[in-house]
Structure formats: structure tokens, C-alpha cells
Amino acid sequence: MKTSKTLFTLLFVFGLLTACKDSNVEPDDSSKTDPGTNGNTQTENSDINNWIYDEMSHYYLWEDQMPALANTDLTAGPSDYFDSILYQKDVVDRFSWIQESATELTNSLNGITSTFGLNFSAFYADSQSSGKLLFAVTYVLKGSPADQAGLKRGDIISQIDGQNITLDNYTSVLDPESITLTLGTYDKVGNLTNSNTTKTVSKAQTTADPIQYYTVIEMGGKKIGYFVYTQFLTTYDDELNNMFADFKQAGIDELVVDLRFNHGGYISSSELLSSLIVQNPEGNKGKLMTHQAWNTEQTKAITDKYGTDALNTYFVTKRDDLGSLNNPGTLSRVYFLVSNGTASASELLINNLKPYMDVYLVGTHTYGKNVGSITIADDQKRWDWGMQPIVLKSENALGQSDYGTTEGFAPDTEVNDNVLPYQDFGDPSETLLNKALEMILGEDTVAAALKNAKVKPGTEAELLKTKVNFSDVAVRDKYEMWLSKMPGQ
């Protein structure tokens with residue numbers, strides 16, 4: 001394979017994949033042509049669109065389903081043109097997308113965005129007929145403007161800039177660079193009360209710390225590791241391994257992983273977490289974790305040069321950049337707290353572990369993304385567009401990859417995350433964690449342990465299903481999975 005003329009970042013449908021230009025293994029582009037050489041009008045759009053079509057014809061998973069170049073409108077805007085060549089957009093291909101700034105795209109994939117640092121769920125404030133909503137803060141990015149302003153999980157936002165939040169404005173009220181939030185109270189009988197407390201926050205570039213919270217819960221004679229992980233970022237792989245060192249030293253014998261708000265991330269970080277969790281790490285070392293399927297052209301190019309094994313990933317007990325992995329070695333099962341916001345690299349993690357240990361899902365069905373994409377940018381800097389087409393599909397050691405529908409993975413125990421106000425992470429009375437603890441220890445044991453605890457009363461509220469676990473920045477709400485290296489590297 002020739003060295004690619006294109007800089008791209010591989011993203012997996014389960015999470016994100018990133019391949020740097022200086023990688024020594026890249027997909028084949030030996031038959032590429034320069035954009036704008038096929039006789040079409042040499043407008044800026046036609047140059048960009050020729051480039052889009054050429055790249056897609058080599059990397060797109062469904063390249064054999066693309067329309068012929070002559071049947072496309074090369075004068076269309078790049079975004080519209082990209083959408084026009086996708087295979088059954090929003091039906092088969094629900095995930096490929098394009099963005100005008102590849103720079104902003106790359107930053108967002110690495111957890112760097114201009115943001116308030118807020119993540120929410122939206123609820124009806126009273127009845128659907130009123131159209132009035134409230135935002136419940138699910139978590140706040142560490143070190144973000146919202147964090148510095150004292151906002152926290154469980155806060156109820158009743159107004160923004162003095163306006164009620166409604167079905168008509170809820171997608172736009174977070175657009176300004178600076179906003180004033182009115183905090184309200186949602187009482188045990190479902191009444192929303194506006195308070196006099198306001199917080200003004202301004203967006204600032206913030207790097208996400210994906211390890212939102214972790215602890216060891218000692219209850220019923222068990223030591224239960226629990227952590228909230230919000231994005232698979234390679235820059236925090238060392239911290240992830242160190243957290244498991246703490247779990248190992250504490251002697252945990254159960255594990256609860258909170259992926260409710262995790263839309264995906266780097267595939268390599270998902271693979272790392274798979275190896276940190278899998279039971280009997282020494283016995284499973286070297287066993288198949290994941291197999292990737294690319295389109296015909298790229299599969300041939302990769303396997304001709306590196307062999308069929310280049311498309312496989314295996315469980316490991318050490319990694320060159322991290323040293324020994326701190327798998328506790330005491331786990332036979334794992335519990336995942338999930339929602340419709342659990343996607344991509346999160347679902348990859350679940351699928352990786354299913355053949356090797358008991359995996360239990362608590363919450364609602366996951367998003368359903370079992371394919372991966374690459375971010376492609378023009379290395380000649382003629383334009384800053386970055387596209388992210390689907391290029392691969394993943395399956396586990398049993399050949400399973402059947403969760404790529406809108407239903408995703410079904411929960412073993414269905415629990416709606418709609419009790420307000422939200423309890424703190426790690427609080428045994430928190431809705432989803434409480435159910436996981438009951439599954440591990442039994443309802444009576446958990447009830448006895450909480451008997452003397454000050455459990456705050458909550459009430460069920462009606463969740464706005466079309467907007468679940470979202471942030472103040474649209475690009476952070478993408479469901480992706482990136483590769484940190486190309487197959488065979």
C-alpha cells in the first residue's frame with residue numbers, strides 16, 4: 001500500500017479511532033486521483049466534492065452501494081453532497097457525517113471543546129401539553145466553567161437567560177457564549193419551583209476528564225468497585241490503569257461500570273478497559289477480543305501486506321506505554337449501567353467481554369452502533385472539511401455483532417433513570433446503582449444497609465425521549481469510536 005495522501009482519524013461506531021498521518025500502516029489509496037480532474041466545472045464545491053467522492057470510493061464500508069460519480073451533483077454544497085452519496089442514509093448508514101472544520105472535529109474527538117461543561121437530561125416540567133421543560137444536570141466536566149461556578153450533578157435548571165425552557169427553544173437556548181441559569185427545585189410530588197439562585201457561565205475551551213468519579217463500596221461482605229466513565233480517551237489511559245490499581249489493592253470482588261453518559265471514544269481505550277476487566281486475565285491473555293471487517297479493497301490491501309491477523313485484536317496483560325495492566329484478577333462478572341446514550345466504544349466494550357464472563361446491563365437499551373468510521377481531512381490544506389464515513393464493522397470472539405440497530409443492547413434489568421433530583425455518583429440509593437447493588441447483594445441486604453442512611457426522597461419525572469443525556473456542545477453528543485492505530489501497525 002502506498003502512503004496515504006490523506007490525514008484521517010479512524011472512528012469506530014462503538015467509539016472513536018484515530019490514525020495519525022505518520023502511522024506506518026494505512027488503508028490503500030494506490031488508485032486515487034486528484035480532485036477536479038474529471039472534466040467537471042472547477043468550482044470550489046466541485047473540487048471538494050470530487051475529493052469527497054474519491055476518498056469515499058476507497059474507504060466507505062458500503063462503497064459498492066454508492067451512486068456513479070456521473071449521477072451526482074458536484075455543484076452541491078459539500079455537506080449536502082456527502083449526504084447524497086451515503087447508502088440509505090439514516091436507515092442503513094445512520095452514522096457517517098461531515099463537518100466544515102476538521103480542526104474542531106479532531107479537537108472534539110480528543111475531548112477538547114469550547115463548552116460550559118454541562119451535561120443534561122430534559123424533562124417535562126409538568127405535563128406534555130404545556131410544552132414546558134426543565135434540564136436536570138447529569139454531570140459537570142471537571143475544571144469547566146460550570147464546575148468553577150459551583151454547578152453539580154442533580155441541579156435543576158428551570159430557566160435560561162430568564163426564559164422558560166420549552167419544546168420550541170430547548171435546542172437553541174444553550175447556543176450563546178454566555179448564559180445565566182436559574183436553578184429550581186423539583187419536590188417529591190412533582191412541583192417545579194423557581195428559586196432566586198442564578199449562575200452565569202461562559203464557554204471556555206475545556207479538556208474532558210472522562211473518569212468522572214470512582215470509589216469502592218463495602219456492603220454485605222463485598223467490596224464493589226464503581227466508576228463513572230464518560231468518554232474513551234487515550235490521554236487518560238494511564239489514569240484508567242492507575243484507578244484499577246486502586247481497585248486491585250482494595251481487593252474488589254465485584255465491579256459496576258457507569259456508562260450512561262458515554263457516547264464512545266478511542267477503540268484502543270475500549271480494548272484497554274476490556275483487558276482490565278476480563279476475568280482470569282492470565283488465562284485469557286492472547287485470546288481473540290475483536291475482529292474488524294472492512295470493505296473489499298481495504299481488506300485485501302491490509303491482509304495482503306500484514307496477514308489476516310492484522311484485523312484481529314487480543315486480550316493483553318501489559319502494554320508498552322503502560323507496563324503491566326492492573327486487572328484485579330478477582331472478577332467473574334461485571335455490571336454496566338447503561339442508557340440510550342451508551343454507544344460506540346461503550347457497546348464495543350460490552351460486546352468484547354460477553355464471550356468471556358457474565359455481563360449484566362442495568363438501565364435502558366443502548367444506542368446501537370456496531371460499525372466504525374474514519375475522519376478524513378485534506379493534507380494539502382486546500383479546505384478544512386473533515387468527513388467521518390463508516391469504514392468497518394466489528395464482531396466479538398463468537399462472531400457476534402447483532403446490536404447495530406436502534407434498539408442496541410437490551411438491558412437485563414430495565415430501570416428508567418428518571419427519578420429527580422439525581423443522587424450523587426456512588427450514593428447506594430442512586431437509582432441505577434441501587435438496582436445493580438440489589439442484583440449483586442439482594443434487595444434485603446441493600447435495604448438493611450441503607451436503613452439508617454439519610455435517603456433523599458425523589459419523584460419520577462417524564463423524560464423527553466428525543467433528547468437524552470446531551471451536552472451544551474453538539475459535537476460532544478456524537479456517537480463515535482476511533483482507532484489509535486491502523487490494522488497491522
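Predicted model: local features only at pLDDT ≥ 70, side-chain atom pairs only at ≥ 80, totals over all residues.

Residues are numbered from 1 along each chain as its sequence is written, and side-chain values use heavy atoms, with hydrogens and water left out.

Start with the sheet. Six strands form an open sheet with mixed pairing, in the order β11-β12-β13-β19-β20-β24. Strands are DSSP runs of E, at least two residues long, and helices are runs of H or I, at least four; both are numbered from the N terminus. Two strands pair if DSSP finds at least two bridges between them. β11 (211-219) and β24 (413-414) stand at the edges with a single partner strand each, so one side of each has no neighbour in the sheet. Inside the order, β13 (residues 254-258) runs parallel to β19, joined by three bridges. Asp258 stands opposite Leu337 in β19.

Helices pack on this sheet. α5 touches β11, β12 and β13, and its direction makes about 5° with that of β11. α6 touches β12, β13 and β19, and its direction makes about 180° with that of β12. Contact means heavy atoms within 4.5 Å. Axes are lines fitted to C-alpha atoms, for helices over the stretch in contact, and angles run from 0 to 180 degrees between N-to-C directions.

How many residues of helix α6 are buried? In α6 (residues 267-277), 11 of the 11 residues are buried, so the helix is largely enclosed by the rest of the structure. Buried means under 20% relative accessible area, exposed over 50%, and partly exposed in between (1.4 Å probe, protein chains only). The buried residues include Glu271 and Ser275. α6 also meets helix α9 (residues 345-353): their axes come within 9 Å and cross at roughly 35°. On the α6 side, the contact is made by Ile267, Ser270, Leu273, Ser274 and Ile277; on the α9 side, by Ala345, Leu348, Leu349, Asn352 and Leu353. An α-helix has 3.6 residues a turn, so residues three or four places apart point the same way.

Now the rings. The whole structure holds 20 aromatic pairs. Rings of Phe, Tyr and Trp (its six-membered ring) pair if their centres lie within 6.5 Å; planes under 30 degrees apart count as stacked, over 60 as edge-to-face and the rest as tilted. Phe227 and Phe247 make a tilted pair, 6.2 Å centre to centre with 45° between the planes. Phe227 lies in β12 (residues 222-229) and Phe247 in α5 (residues 237-250), so this pair ties together parts 20 residues apart in sequence. Phe227 is buried at 0% relative accessibility. Phe247 is buried too, with a relative accessible area of 0%.

Tyr335 and Tyr360 are stacked, 5.0 Å centre to centre and 20° between the planes. Tyr335 sits in β19 (residues 333-338) and Tyr360 in β20 (residues 358-363), so the pair ties together parts 25 residues apart in sequence. Tyr335 is buried at 2%, whereas Tyr360 is partly exposed at 26%. One aromatic cluster is formed by Tyr214, Phe227, Tyr229, Phe232, Phe244 and Phe247.

Thr138 is buried, at 1% relative accessibility. Leaving out residues up to four places away in sequence, Thr138 touches several residues, among them Asn119, Arg153, Phe261 and Asn469.
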